[in-house]
Amino acid sequence: MNRLLFETADRLLTREEQVQLRELRVNIENFYENLLVLDRVLGGIGIFNINKGDIGRYDVRDREILRPFQYIDAYFQMDHQHVSWVTREIVHMCGLHLESMIKNMFSFSRMPLGQALTQWVVSNRLDNQLMIDLRVIVGLYNDAKHRVNHQKDTHLFDLSDALVCYIVTRKISMRLMPMVRLYTPLDVWEGC
């Protein structure tokens with residue numbers, strides 16, 4: 001369990017969202033359905049509205065930014081016994097989503113998220129708290145990509161870690177979204 005991640009969630013979420021998140025973390029019965037309820041409460045673009053049937057709602061030119069949510073959706077739909085095997089990938093996709101947003105905003109092509117956040121143009125445009133929140137995800141994202149030194153036959157992240165990472169990512173994403181250049185019209189997401 002990452003203390004900074006959970007502290008960030010407590011700061012970013014409303015009381016109602018915190019209660020729903022806590023319930024999801026302890027009650028895995030109907031996990032996916034309850035996650036969709038919380039995701040819808042958050043609003044914006046998330047796993048609750050990323051697809052229309054089996055097809056992404058977004059314009060193909062926005063794939064780098066929005067495709068990670070489709071993977072996250074598929075991973076969270078897995079039965080509880082197997083989702084622990086993809087918690088690393090959920091965290092990875094959260095970081096990839098944010099990295100793609102930053103690349104879009106600042107026209108970076110191959111720069112990883114952590115390095116992008118050290119650029120003056122980024123720190124000058126984003127407020128300090130947003131930069132701090134992004135760095136929390138960067139640490140987890142880097143661990144998901146590179147770290148395998150956890151105990152044998154265990155997973156680096158558990159379901160609770162992956163869930164909270166996704167919810168924090170969503171809150172950060174909603175702050176960044178107005179600065180991102182998307183081809184998908186905003187009305188695509190309304191009423192979903």
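Is Q20 buried or exposed? With a relative accessible area of 19%, Q20 is buried (under 20% relative accessible area; exposed is over 50% and partly exposed in between, with a 1.4 Å probe and protein chains only). The model is a predicted one, in which local features need pLDDT of at least 70 and side-chain atom pairs count only at pLDDT 80 or more, while totals for chains, interfaces and linings use all residues. Residues are numbered from 1 along each chain as its sequence is written, and side-chain values use heavy atoms, leaving out hydrogens and water.

Q20 sits in helix α2, residues 15-26 (helices are DSSP runs of H or I, at least four residues, numbered from the N terminus). Setting aside neighbours within four places in sequence, Q20 touches V37, L38 and V41 (contact means heavy atoms within 4.5 Å).

Now for the helix pairs. Two packed helices are described by the angle between their axes and the distance between the axes. Helix α4 (residues 63-76) packs on helix α6 (residues 87-106) with axes 8 Å apart and an angle of about 165 degrees (axes are lines fitted to C-alpha atoms over the stretch in contact, and angles run from 0 to 180 degrees between N-to-C directions). The two are therefore roughly antiparallel (over 145 degrees; under 35 is roughly parallel, 65 to 115 roughly perpendicular and the rest oblique). The crossing of α4 and α6 is left-handed, that is, the near helix is turned anticlockwise from the far one by less than a right angle.

Helix α1 (residues 3-12) meets helix α10 (residues 159-176) at another angle: their axes come within 10 Å and cross at roughly 45 degrees. That makes α1 oblique to α10, and this crossing is left-handed. L5, F6, T8, A9 and L12 of α1 face a set in α10 that includes V164, C165 and V168.

As for the cysteines, the whole structure holds zero disulfides (a disulfide is a pair of cysteine sulfur atoms within 2.5 Å). For C94 the nearest cysteine sulfur, that of C165, is 4.0 Å away. C94 is buried at 0% relative accessible area, and C165 is buried at 0% too.
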